[in-house]
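Hi there,

Here is the structure I promised to pass on to you. Have a look at it first, and then read on for my notes.

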Amino acid sequence: MADTTLTAVPTKEKSKGNQVKKTMPLAQMMIYAVLIIGVLFSMIPFLWMVSWSLMTRPEVVVGRAIPETIQWQNYPQAWVQAEFQSLIWNSVRITAISIGGLLLFCIPAAYAFARMKFWGRDVLFGVTLATLMIPDIVTLIPSFLSVVWFSRLNQSIFGEAGAWLNNWPSLTIPFMASAFTIFLLRQFFAQIPDELWDAARIDGASHVDFLIRIVLPLSRAPIMTIVTFAFIGSWNSLLWPLIVINGDKWQPVALGLRNFVSEAGDEFHLQMAASVIMVIPVVLLYFFTQKQFTEGIYSGSFKG
């Protein structure tokens with residue numbers, strides 16, 4: 001009887017173990033199924049756009065899903081008609097200036113919140129975070145009035161060369177400070193060990209030296225993350241340029257695409273080709289920076 005009892009207990013434990021092993025793959029399969037469905041829903045509009053960009057106009061009107069013959073000539077035709085050469089050059093300049101200004105102002109601000117102690121630091125950081133809860137559309141009119149005021153002030157000092165409206169300052173300067181960027185960098189800067197700062201102080205380093213020589217080299221991942229976010233935001237910006245830009249000199253690619261869509265009429269295949277051309281730089285940027293982008297988001301999720 002004793003032997004029988006001893007052998008029965010492992011049998012029950014073994015059966016429970018088998019039940020656990022059987023349920024785990026099912027749960028994983030359900031997770032993968034949900035993820036695959038989400039990916040498909042995200043990819044269908046993009047794949048549809050690419051497919052239409054390779055069709056003829058009659059095929060698009062009929063509603064075909066796949067082109068009968070790939071029409072590669074749609075892309076150079078859309079490039080020429082939409083004048084993408086000047087539009088992309090404008091967006092490259094606008095994006096570069098915006099990202100440069102964002103790094104110039106947000107990195108020192110994030111470092112001050114993370115590594116320096118001064119009166120009212122936590123209150124000021126809380127107010128900065130509170131601005132994230134304000135919708136962008138609410139600040140649209142105050143931002144526009146500020147640009148108009150500064151434009152008139154600069155024109156009175158420098159003449160027409162100092163105008164902000166219909167010029168690059170109106171498209172870049174209002175976006176050279178971001179509460180989200182300051183928050184993300186501050187979270188990462190706060191994780192840097194204090195021992196590094198103590199060692200730097202022993203060597204006679206100031207806060208500027210510590211920031212440039214130690215903090216920034218260790219912060220490549222979050223910096224690439226904010227560069228990616230800033231690039232996407234500036235490249236895809238439409239509403240703000242629609243308000244502050246009237247001419248063609250500084251017209252960005254998103255605004256140019258909007259005008260081309262209205263001018264192209266029912267040339268849907270050319271509209272889709274132009275849209276693909278506009279999306280390509282964003283896709284390439286994320287393709288080359290996805291590792292740093294993921295590390296930057298992950299590192300900023302911890303409490304500093």
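Let me start with how helix packing is described: an axis is a line fitted to C-alpha atoms, for helices over the stretch in contact, and angles run from 0 to 180 degrees between N-to-C directions. The helices themselves (H or I, at least four residues) are DSSP runs numbered from the N terminus, as are strands (E, at least two).

Two notes on the source. This is a predicted model, with local features needing pLDDT of at least 70 and side-chain atom pairs counting only at pLDDT 80 or more, while totals for chains, interfaces and linings use all residues. Residues are numbered from 1 along each chain as its sequence is written, and side-chain values use heavy atoms, with hydrogens and water left out.

**The chain as a whole**

You will find 14 helices and zero strands in the protein chain. Of its 304 residues, 37% are buried (under 20% relative accessible area; exposed is over 50%, and partly exposed is in between, with a 1.4 Å probe and protein chains only). The accessible surface of the protein chain is about 19100 Å², and carbon and sulfur atoms hold 69% of that; these areas come from the Shrake-Rupley method with a 1.4 Å probe, and for residues only the protein chains shown count as cover. Among contacts (heavy atoms within 4.5 Å) in the protein chain with a separation of 6 or more, 70% join residues 24 or more positions apart.

**Helices α8 and α11**

Now to the packing. Helix α8 (residues 179–189) packs against helix α11 (residues 220–235) at an angle of about 170°, and their axes are 10 Å apart. That makes the two helices roughly antiparallel (angles over 145 degrees; under 35 is roughly parallel, 65 to 115 roughly perpendicular and the rest oblique). On the α8 side the contact uses F180, T181, L184, L185 and F188, and on the α11 side P222, I223, T225, I226 and F229. Sorted by class, the contact has eight nonpolar, two polar and no charged residues. Here Ala, Val, Leu, Ile, Met, Phe, Trp, Tyr, Cys and Pro count as nonpolar, Asp, Glu, Lys and Arg as charged, and the others, Gly among them, as polar.

**Salt bridges**

How many salt bridges are there by the rule used here? The count is two, where a salt bridge is a side-chain nitrogen of Lys or Arg within 4 Å of a carboxyl oxygen of Asp or Glu.

One of them joins the side chains of R115 and D194, at 3.2 Å from N to O. R115 belongs to helix α4 (residues 84–115) and D194 to helix α9 (residues 194–202), so this pair ties together parts that are 79 residues apart in sequence. R115 is buried, at 15% relative accessibility, whereas D194 is partly exposed, at 48%.

In the other, the side chains of R121 and D122 meet at 3.6 Å, N to O. R121 is buried at 19% relative accessibility, and D122 is exposed at 57%.

T95, in helix α4, is buried at 3% relative accessibility. Not counting residues up to four places away in sequence, T95 touches F231, S234 and W235.

L255 sits in helix α13 (residues 253–264) and is buried, with a relative accessible area of 3%. Its contacts, leaving aside neighbours within four places in sequence, are L238, P241, L242 and I245. For P241, 14 residues from L255 in sequence, the C-alpha to C-alpha separation from L255 is 6.9 Å.

L216 is in helix α10 (residues 207–218) and is partly exposed, with a relative accessible area of 24%. L216 touches I107, L211 and I223, again not counting residues up to four places away in sequence.

**Two backbone angles to look at**

Most residues other than glycine have a negative phi. Which value does phi of E83 take? Phi of E83 is near 55°, a positive value. E83 is placed in the loop between α3 (74–81) and α4, where this residue is exposed, with a relative accessible area of 52%.

N166 also has a positive phi, near 60°. N166 lies in the loop between α6 (140–158) and α7 (168–172), and is partly exposed, with a relative accessible area of 35%.
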